[in-house]
Amino acid sequence: KAADGKVDSQFKIKLPLVSGLKSDEVSIEGKAKITDGRFGKVGGQFDVQGFTLALDLTGAALEAKGDLLVNGVPAKVSGQRVFGAEADQQPPVKVTASLDETDRNQLGLDINDLVSGVVPIEITLQKGLGPAPVIHLKADLTNAALNIEPIAWSKIQGRPAVLETDIA
């Protein structure tokens, strides 16, 4: 309901014209490209717009890759839906971006007093055991400087560091 965009697609459908047709006798393959895409607010706070998404449909899976803007911050997305696999056995959807101070502000992440520099991130979303998806964040802090004054701790830019966490 809140999604919009332009779609250019080509599909090849094999549909035998016989009585008693079974679903495994039908096959659909194709490619599609969505441009000028947008969603409403995702997660109640993230405006996703300006996305370009390439879709590839085979008999085994649907694969999607593309670029998007989240609150004006450029990111990449990729994912796959494997047909016949259970929801908890599906590959995760991945969103990647490199966030500087301005990007973090645009996303509402008020951490620039602790972190300075560019931080590449990868967010994965996957179906878990419960109703909510499992959201995992991995941030490469190597090229960022960290300064946590209340505990008198800092990390200089260039020293390897990674932050990984699940988001609930």
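The model is predicted. Its largest nonpolar core holds 22 residues. A separate topic is an open sheet of three strands, ordered S7-S10-S11.

**Nonpolar core**
- Phe51, Leu53, Leu68, Leu99, Val119, Ile121 and Leu141 touch the most other members of the largest core.
- At least two residues of this core come from each of strands S3 (46-57), S4 (61-70), S5 (73-82), S6 (93-99), S8 (119-127) and S9 (133-140).
- Beyond its neighbours within four places in sequence, leucine 141 contacts Val119, Leu146, Lys155, Arg159, Ala161, Val162 and Leu163.

**Three-stranded sheet**
- Pairing in the S7-S10-S11 sheet is antiparallel.
- Strands S7 (115-116) and S11 (153-155) form the edges, each pairing on one side only.
- Strand S10 (residues 145-148) is joined to S11 by three bridges, and the two run antiparallel.
- Across this pair, asparagine 147 faces serine 154 of S11.

- Most residues other than glycine have a negative phi.
- Aspartate 36 sits in strand S2 (residues 27-42).
- Aspartate 36 counts as exposed because its relative accessibility is 51%, and the cut-off is over 50%.
- The loop between S10 and S11 contains alanine 152.
- Alanine 152 is exposed, with a relative accessible area of 75%.

Note on methods:
Residues numbered from 1 in each chain as written. Predicted model: local features only at pLDDT ≥ 70, side-chain atom pairs only at ≥ 80, totals over all residues. Heavy atoms only, no water. Core = buried A, V, L, I, M, F, W, Y, C linked by side-chain atoms within 4.5 Å. Buried < 20%, exposed > 50% of the residue type's maximum accessible area, 1.4 Å probe, protein only. Helix = DSSP H or I, 4+ residues; strand = E, 2+ residues; numbered from the N terminus. Contact = heavy atoms within 4.5 Å. Pairing = 2+ DSSP bridges.
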